[in-house]
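Please look over the model shown here before reading on. The report then takes up its confidence, its chains and its packing.

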Amino acid sequence: MDELLRIRGLTVRFYTYDGVVQALENVDLDINQKETFGLVGETGCGKTLTALSILRLIPPPGRIECGSICFNIDDENEPVDLLTISEDGIRAIRGSKISMVFQEPSAALNPVYTIGDQISEVILLHRRQELGQRALEAVNALLAETPGFISTLARPIWLMERKLYQQVIQAPSSLWLTIISRIFLVKRLLWRLKDEAQKITISVLGEVEIPDPQRLTRQYPHQLSGGMEQRAVIAMALACSPKFLIADEPTTSLDVTIQAQILELLNRLKVEWESSILYITHDLGVAAEICDRVGVMYAGSLCEIAKVDDLYANPLHPYTKALLAAVPKLGEEPHSIGGSVPDPLEPPPGCRFHPRCSSAMEKCREQVPLMRELAPGHFVACYMY
Amino acid sequence: MTELRFWLYQARKNPLSLVGIAIVLIFVIIAILAPFLAPPPEGHIDAYQIPRDGYSPTPKPPSQEYKFGTTQGQYDIFYGVIWGTRSAFKVGLLVIGMVLVIGILLGSIAGYFGGLVDEIIMRITDIFMAFPPLILAMAITVALGPSLNSVIIALTLVSWPIYTRLIRGDILTVREEDYVEAARGVGSSHLRIIARHILPNSIYPTLIMASLDIGAVVLSAAALSFLGLGAPEGYADWGQMIQFSRNWIVGPPGNPLAYWYTVTIPGLFILFFVLGWNLLGDAFRDILDPRLAKR
């Protein structure tokens, strides 16, 4: 299987007044084409930070210290390192090649714009050339077809529009066009771009199974239910058919029936759009439902990666075992994991899980265990094996 | 269309805001129609210069020719207050306009980027805010030489720090919202994020304060004029009209209200102007803020 994303040695630190927080230590991760990779772990273990690092959105005072994130944009070109390309380069990738669905859909939508405006914005930002092409076709059709009186009146305007849209197709970000699109009245000549973006928006909203997408484009976020909002957010993420979708706990704030619908939707879209998904969750049940492979994180590093069936049938890392035991079952007392999550300011030396591990050895206190492949596709970072 | 209906609905719900809108509208009409309400006499060079009827220091009561009477130095009160409306709008709108531009620019830079830039801009606002505003405005006007333009510059320099801080504070809260992160996540540039996602969500308190402040600015300008630091003598300006009447607040013994028109008429104009803008500010709050009660 082809690799889509390869993270090597990713280390993120936060320089706070209290000291250096070692948020991520040496994260190694591969994500293949057309697969769903699940990232599970407790709150604060670095799942979301891993996702934000991929988009280079770590908020200050956080810094990506070292590592590389190689991303295969398409099959013809060499993979690029997302951590070293320019600010403009990463901005062009965000939203068009890699996009993200946030945990709280009601917070991820801007309250002062309609859903249609917000989704069109993404399309206008990244698919200008395509919009120009569609607009040009519309103008050409008008020029060719409309007969008689109206056509003689409007013809000069249409000809001007055609010139502009040809420009848009040739050089969508040229200085000249930027100036034109700022001038009052003149920018009205470019209205067809918005119109076409609106049409694409409606079709994308239809893709995410929203009834009556036409009406939804005119609604504000607060007029929607949680499930609808999350669909709109997913539509926004999918608006430019990205190759890689990061879903950061997209169903956590939804109730169970909606959750099932959203999971089904993501599964269907993944197959249809041939993209990969990085699915972040703390719910092992959801991960089992949707993922092909799962990585378990603890205190800023990965401790086990395996195919989903492997992981649940045969967990190897003591932390994974404890996590699976802690899943609540009907009629049983829940098992909690003894001890608490280590202080990220002063993480324990050696394996970070050793203070809570029942089978910790002398070696665990001194050295950090490395990832090793025990069975094909099953990686564990533990000295027990 | 539905927006407009919603606005009208909001305005009807709060009759005081309608009063505010009406008062400000009346003043706008007065300012626009000034040349017709109080036509400058033949051969008058500067229309803002109040025509005078002789040089006698004693005010004359309202008459056929001078509807509101004349004040000290025989300046026509009617002409003064009508053309003074234009000066009031000029001062209020110019000062608030400039303050908004400076405040939005510096406030969003400080709030959005944070760090050292924020620190520098905020310390400069601290320096300005360390002085009592009216005293600082007086000092600046004196330094620039008394005139209406100096008053405008002085009041701008005194008020921008408050606006910068207000906008910065609102931007700081909105900056952390998820939708800003989401906008960054779809590849928007800094400028686009500030202009399209942060400002529309954080500008309302500032706009409301601006409309409340137009009245306050006119009041401060009147205070400066009253102290003799504003417009040159004879210039149509409400503050100056009140200055003229300073010696005539109380009339001669036995008839204390003899010169009531010299104080009361310009005073009423200032009062209603400030009241109108204050009520309008409240109306703006009800109408503009989409987060308020739009269900």
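What follows is a short report on a predicted model.

**Confidence**

The predictor assigns the complex an ipTM of 0.74 and a pTM of 0.77. Chain B has an average pLDDT of 87. In that chain, 96% of the residues reach a score of at least 70.

**Chain A and its domains**

Chain A holds 15 helices and 12 strands. Along the principal axes, its C-alpha atoms fill a box of roughly 90 × 45 × 45 Å. The chain has 385 residues, and 40% of them count as buried. Take the contacts in chain A between residues at least 6 apart in sequence: 66% of these join residues at least 24 apart.

Two domains are assigned in chain A. Domain 1 is written in pieces, 1–74 + 84–112 + 226–292 + 307–317, while domain 2 is 115–206. Their centres, taken over C-alpha atoms, are separated by 34 Å. Where they meet, 10 residues of domain 1 of chain A are in contact with 10 residues of domain 2 of chain A. The domain 1 side of this contact has 7 nonpolar and 3 polar residues, with no charged residues.

The table sets two sides by class.

| Domain 1 of chain A, touching domain 2 of chain A | 7 residues | 3 residues | no residues |

An α-helix has 3.6 residues a turn, so residues three or four places apart point the same way.

**The nonpolar core**

The largest nonpolar core has 167 residues. Inside it, A:Ala235, A:Leu278 and B:Val218 have the most contacts. Helix α4(B) gives the most to this core, with 13 residues. Domain 1 and domain 2 of chain A each give at least three residues to it.

What is A:Leu278 in contact with, leaving aside its neighbours within four places in sequence? The partners are A:Ile31, A:Phe37, A:Leu39, A:Ala51, A:Ile246 and A:Ala247.

**B:Arg86**

Helix α4 of chain B also holds B:Arg86. Is B:Arg86 buried or partly exposed? B:Arg86 has 19 C-beta neighbours inside 10 Å, so the residue counts as partly exposed; the cut-off for buried is 20 or more. Setting aside neighbours within four places in sequence, B:Arg86 is in contact with B:Ala31 and B:Ala34. B:Leu16 is 70 residues from B:Arg86 along the chain, and 25 Å separate their C-alpha atoms.

Notes
Residues numbered from 1 in each chain as written. Chains lettered and ligands numbered in written order. Predicted model: local features only at pLDDT ≥ 70, side-chain atom pairs only at ≥ 80, totals over all residues. pLDDT = per-residue confidence, 0-100. Helix = DSSP H or I, 4+ residues; strand = E, 2+ residues; numbered from the N terminus. Buried ≥ 20, exposed ≤ 12 C-beta atoms within 10 Å, placed from the backbone. Contact = placed C-beta atoms within 7 Å. Domains from an automatic or database assignment. Nonpolar A, V, L, I, M, F, W, Y, C, P; charged D, E, K, R; others polar. Core = buried A, V, L, I, M, F, W, Y, C linked by C-beta atoms within 7 Å.
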